[in-house]
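Welcome! Here is a short tour of a structure that may be new to you. Take a look at the sequence and the 3D view first, and then read on.

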Amino acid sequence: MEGVQFSFAFYCVIGYLIVITLLGVYFAKKVKNQEDYAVAGRSLPIYVLVGTLIATWMGSGTVMGGANSMGYQLGFGVAIVFSLASPIGQLVLTYISKRIRRQNAQTVPEVIERVYGSQARLISTLIILLAYLGVVAYQYLGVGMLLNSVLGISIPVGTLIAFVVIIGTSLFGGLYSVAYTDFISCVMILAGLFIGVPLAVTKAGGLGWVVNNLPPGHMGFGTLNFTQVLGFFLPTFVYIMGDQNMYQRFFAAKDENTAMKGGLWWSALTLLIGVIISIAAITSRALFPDIQPAQAFIHLAMHQMPTVIGGLAIAAVSAFIVTTANSFLLSIGINTSWDLYARYINPQADQKKVLFVSRVCVLGLGILGYVMIKFFPEILALQMYAYTMYGAAISPALVAAVVWPERVTKTGGMASILAGSIVTIAMEVMKKQGVAFAVTYPSVLPAVACSILMLVIFQKKQADTLA
């Protein structure tokens with residue numbers, strides 16, 4: 001254990017990881033069939049629903065990238081604009097949350113197939129698998145780097161710890177385990193942010209002192225123009241419209257009203273979290289102008305917050321990462337068992353058989369992600385294309401399938417998914433080659449436009465709809 005820093009934060013983080021791992025195993029007793037595993041028996045009460053929505057959505061990017069890094073490096077205005085993408089997108093999802101819950105589905109590809117056919121389900125499943133596996137793999141490394149920078153644990157050991165915890169919280173209890181441990185994580189996150197950040201600002205001399213000690217123009221958008229700021233807003237906004245993790249939470253709500261109320265609380269609290277993170281970022285910039293942007297919140301927690309609250313905040317950072325990883329891992333495990341195995345390989349499989357396959361898939365994909373991040377990290381760069389295209393390829397077709405199923409067609413759905421995918425990849429390739437249009441505008445803008453255009457072009461005629 002040479003080099004390990006046995007601080008209060010150390011015991012907070014290790015204690016948190018042990019508790020949620022044990023709870024993950026404990027909740028296995030609630031799982032009797034595939035529906036219990038995939039959507040918690042469609043029984044989540046509002047407080048658990050809100051907790052799992054927040055903890056799942058607010059991943060490592062929240063406190064190490066996103067508003068944290070942007071607020072520190074680019075300015076408070078940029079961080080706020082980026083933060084607004086989530087609650088605005090969440091409000092849209094909340095508006096259709098009753099329709100989402102009414103689907104009684106387990107996965108996004110299942111909803112897509114009902115409107116666009118089996119080929120669309122297969123393609124969307126493959127896109128999700130490619131995108132989400134990369135996210136899981138990077139979370140292993142994220143926890144490893146966090147444990148190294150904060151606690152002094154070596155990155156390989158930290159990554160292995162992450163693997164054990166993430167597998168333990170998703171393999172046995174499925175969404176029951178993930179949702180209820182997410183609720184605990186959410187409480188920690190809110191306490192660390194809403195208590196710790198105001199104390200840190202006060203200790204610094206107040207918000208006025210912070211503002212007066214920022215670089216000129218840092219309370220605004222810095223040197224960024226409108227198009228660049230929009231480039232930070234749009235990808236998050238579009239992605240959340242189709243994020244399978246969020247849909248699965250709405251599928252798991254105990255009823256439609258719970259889904260809608262949970263969505264409203266989710267949006268409101270996410271807005272507050274975004275503002276608090278942005279304030280934390282500029283406070284860190286004023287106090288510690290020479291650190292890495294990704295370390296802004298962590299540095300503030302370690303050096304500016306009281307010991308107890310700082311330790312809780314550091315544990316909350318690990319919670320952000322773990323809750324993201326186990327949600328994505330569970331999600332693709334269910335995709336593999338439900339959308340591939342039960343749909344195409346063994347359609348006659350009963351619930352217990354599918355449940356067994358789900359657990360095998362979660363374990364297998366978890367191991368695959370660990371192997372990739374340890375030995376083949378270059379492969380993950382390719383997967384980021386899939387993650388980038390998710391919002392453009394999946395979100396428009398999915399929202400249309402939920403809201404206007406009577407208007408869209410199979411041809412339009414397939415064309416929309418393919419157009420979003422192809423245009424995203426083309427934009428990324430042109431960006432690397434320095435093409436002016438691709439460098440200036442975010443990939444998601446033309447990709448989403450083309451995706452929506454396909455849905456409109458191939459929509460049903462009014463006469464056919466009325467027939």
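Thr169 touches Ile20, Thr21, Gly24, Gly174, Ser177, Val178 and Asn326, leaving aside residues up to four places away in sequence. Please keep in mind that this is a predicted model. Thr169 sits in helix α10, which covers residues 155-170, and with 0% relative accessibility it counts as buried. One of its contacts, Ile20, is 149 residues away in sequence, yet the two C-alpha atoms are 6.7 Å apart in space.

**The chain as a whole**

- The protein chain has 24 helices and zero strands.
- Its radius of gyration is 22 Å, close to the 23 Å that the globule rule gives for 467 residues, so the chain is as compact as a globular protein of that length.
- Along the principal axes, the C-alpha atoms of the protein chain fill a box of roughly 70 × 50 × 45 Å.
- Of the 467 residues in the protein chain, 60% are buried.
- If you take the contacts between residues at least 6 apart in sequence, 84% of them join residues at least 24 apart.

**The nonpolar cores**

- The largest nonpolar core holds 149 residues, and Leu93, Tyr116, Tyr140, Tyr247 and Phe297 have the most contacts inside it.
- Helix α17 (residues 307-345) gives the most to this core, with 20 residues.
- A second core of 13 residues is separate, and it includes Phe233, Val423, Met427 and Val448.
- Which residues does Tyr247 touch, not counting those up to four places away in sequence? They are Leu93, Ile96, Ile100, Val108, Met241, Gly242, Leu398, Val399 and Val402.

**Where α14 meets α17**

- Two packed helices are described by the angle between their axes and the distance between the axes.
- For helix α14 (residues 244-252) and α17, the angle is about 80° and the axes are 10 Å apart.
- These two helices, α14 and α17, are therefore roughly perpendicular to each other.
- On the α14 side the contact involves Gln244, Asn245, Gln248 and Arg249, and on the α17 side Ser327, Phe328, Ser331, Ile334 and Asn335.
- By class, the residues of the contact of α14 with α17 are two nonpolar, six polar and one charged.
- Ser331, a residue of helix α17, counts as buried at 0% relative accessibility.
- Setting aside residues up to four places away in sequence, Ser331 touches Gln244, Asn245 and Gln248, together with Tyr132.

**Where α6 meets α15**

- How do helix α6 (residues 76-95) and helix α15 (residues 256-287) cross? Their axes come within 9 Å and cross at roughly 175°.
- That crossing makes α6 roughly antiparallel to α15.
- From α6, the contact draws on Phe76, Ala79, Ile80, Ser83, Leu84, Ser86, Pro87, Gln90, Leu91, Leu93 and Thr94.
- From α15, the partners are Met260, Gly263, Leu264, Trp266, Ser267, Thr270, Leu271, Gly274, Val275, Ser278, Ile279 and Ile282.
- The contact of α6 with α15 counts 14 nonpolar, nine polar and no charged residues.

**Ala67 in helix α5**

- Ala67 is found in helix α5, which covers residues 66-73.
- With a relative accessible area of 5%, Ala67 is buried.
- Apart from neighbours within four places in sequence, Ala67 is in contact with Ala79, Phe82, Ser83, Ile277, Ser278 and Ala281.
- Ala67 and Tyr26 are 41 residues apart along the chain, and their C-alpha atoms are separated by 35 Å.

- Most residues other than glycine have a negative phi, and most peptide bonds are trans.
- Arg42 has a phi near 50°, a positive value in a residue other than glycine.
- You will find Arg42 in the loop between α2 (34-39) and α3 (46-57), and its 10% relative accessibility makes it count as buried.
- Asn104 is not a glycine either, and its phi is positive at about 50°.
- The loop between α7 (97-102) and α8 (108-116) is where Asn104 lies, and at 42% relative accessibility Asn104 counts as partly exposed.

Methods. Residues are numbered from 1 along each chain as its sequence is written. This is a predicted model: local features need pLDDT of at least 70, side-chain atom pairs count only at pLDDT 80 or more; totals for chains, interfaces and linings use all residues. Side-chain values use heavy atoms; hydrogens and water are left out. A nonpolar core is a set of buried Ala, Val, Leu, Ile, Met, Phe, Trp, Tyr and Cys residues joined through side-chain atoms within 4.5 Å. Buried means under 20% relative accessible area, exposed over 50%, partly exposed in between (1.4 Å probe, protein chains only). Helices (H or I, at least four residues) and strands (E, at least two) are DSSP runs, numbered from the N terminus. Contact means heavy atoms within 4.5 Å. Axes are lines fitted to C-alpha atoms, for helices over the stretch in contact, and angles run from 0 to 180 degrees between N-to-C directions. Angles under 35 degrees count as roughly parallel, over 145 as roughly antiparallel, 65 to 115 as roughly perpendicular and the rest as oblique. Ala, Val, Leu, Ile, Met, Phe, Trp, Tyr, Cys and Pro count as nonpolar, Asp, Glu, Lys and Arg as charged, and the others, Gly among them, as polar. The radius of gyration is taken over C-alpha atoms; the globule rule is 2.2 Å times the number of residues to the power 0.38.
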